[in-house]
Amino acid sequence: MPFAGDSMVSDIRRTYDNLAKRAGEEFSARRPAHATVIQTGSATCEHAAGALDAAGEFSRLITASGRTDIILRTTGCTGRCSSEPIVGVFVHGQLPVKYEHVDRDKAHRIFTEHVLGGAPIRDYILDSTAGTPVRNVVMFC
């Protein structure tokens, strides 16, 4: 005998599936399939650490490059104040890379060597004490 709440569960599931589909479509529309995304922090702590200068440099470099497949985005607080400004570089087909303490000079080098040249800069990678990028990070709060 079916439980009276079964129809409510199926309604919730249908609503979830519709929302997930819409979210996927929205995400795809915001990021072209093969675009490179540079993501800078936009929280107050990131601004205090110099994120606006780094973002400004990336914006200038993207414009100067004439590339339309490089997108500059912002994100909120990452919870890593001691490493800010943090910049993420997301290149299609590659593992994402996050850089720490990014200033204008580092932004220029990241753009030139990683975004345009395809070679992540190991010395700037967030938490790269071993000098090699990690594949997975697990954080507990």
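Contact here means that heavy atoms lie within 4.5 Å, and among the contacts of the protein chain with a separation of 6 or more, 65% are between residues 24 or more positions apart. The structure is a predicted model, in which local features need pLDDT of at least 70 and side-chain atom pairs count only at pLDDT 80 or more, while totals for chains, interfaces and linings use all residues. Residues are numbered from 1 along each chain as its sequence is written, and side-chain values use heavy atoms, with hydrogens and water left out.

**View 1. The protein chain and its confidence.** The protein chain has four helices and four strands, where helices (H or I, at least four residues) and strands (E, at least two) are DSSP runs numbered from the N terminus. Read from the N terminus on, the order of these elements is α-β-α-α-β-β-β-α. The mean pLDDT (the predictor's confidence in each residue, from 0 to 100) is 85 for the protein chain, with 83% of its residues at 70 or more. Where pLDDT is low, the predicted coordinates should not be read in detail. Of the 141 residues in the protein chain, 32% are buried; buried means under 20% relative accessible area, exposed means over 50%, and partly exposed lies in between (1.4 Å probe, protein chains only).

View 2. Four strands form an open sheet in the order E2-E1-E3-E4, with mixed pairing; two strands count as paired if DSSP finds at least two bridges between them. At the edges stand strand E2 (70-75) and strand E4 (97-99), each of which pairs on one side only. Neighbouring strands of this sheet are turned by 20° against each other on average, direction ignored. Helix H3 (residues 51-65) packs on the sheet, where H3 touches strand E1 (36-41), E2 and E3, and the direction of H3 makes about 165° with that of E2. For such angles, axes are lines fitted to C-alpha atoms, for helices over the stretch in contact, and the angles run from 0 to 180 degrees between N-to-C directions.

**View 3. Pairing between the strands.** Strands of a sheet pair through backbone hydrogen bonds, either parallel or antiparallel. E1 and E2 run parallel and are joined by six bridges, with threonine 74 in E2 as the bridge partner of threonine 40. Between E1 and E3 the pairing is antiparallel, over four bridges, and glutamine 39 stands opposite glycine 88 in E3. Strand E3 (residues 87-90) is in turn joined to E4 by three bridges in an antiparallel arrangement, in which valine 89 stands opposite valine 97 of E4.

**View 4. Strand E1 and threonine 36.** Six of the six residues of E1 are buried, so that the strand is mostly covered. Thr36, Ile38 and Thr40 point one way from E1, whereas Val37, Gln39 and Gly41 point the other way, and all are buried. Threonine 36, which lies in strand E1, counts as buried because its relative accessibility is 6%. Leaving out residues up to four places away in sequence, threonine 36 touches Asp69, Ile70, Ile71, Val89, Phe90, Val91 and Val115.

**View 5. The largest nonpolar core.** A nonpolar core is a set of buried Ala, Val, Leu, Ile, Met, Phe, Trp, Tyr and Cys residues joined through side-chain atoms within 4.5 Å, and the largest one here has 19 residues, with Ile38, Phe58, Val89, Tyr99, Val102, Ile110 and Phe111 having the most contacts inside it. At least two residues of this core come from each of H3, E3, E4 and H4. Valine 102 is in contact with Ala54, Phe58, Pro85, Val87, Ala107 and Ile110, its neighbours within four places in sequence being left aside.

**View 6. Cysteine 45 and cysteine 81.** Cysteine 45 lies in helix H2 (residues 44-49) and touches Cys77, Cys81 and Glu84, not counting residues up to four places away in sequence. The sulfur of cysteine 45 has its closest cysteine sulfur in cysteine 81, at 4.0 Å, which is too far for a bond. A search of the whole structure finds zero disulfides, a disulfide being a pair of cysteine sulfur atoms within 2.5 Å. Cysteine 45 is partly exposed because its relative accessible area is 26%, and cysteine 81 counts as partly exposed at 49% relative accessibility. The C-alpha atoms of cysteine 45 and threonine 78 are 9.8 Å apart in space, with the two residues 33 apart in sequence.
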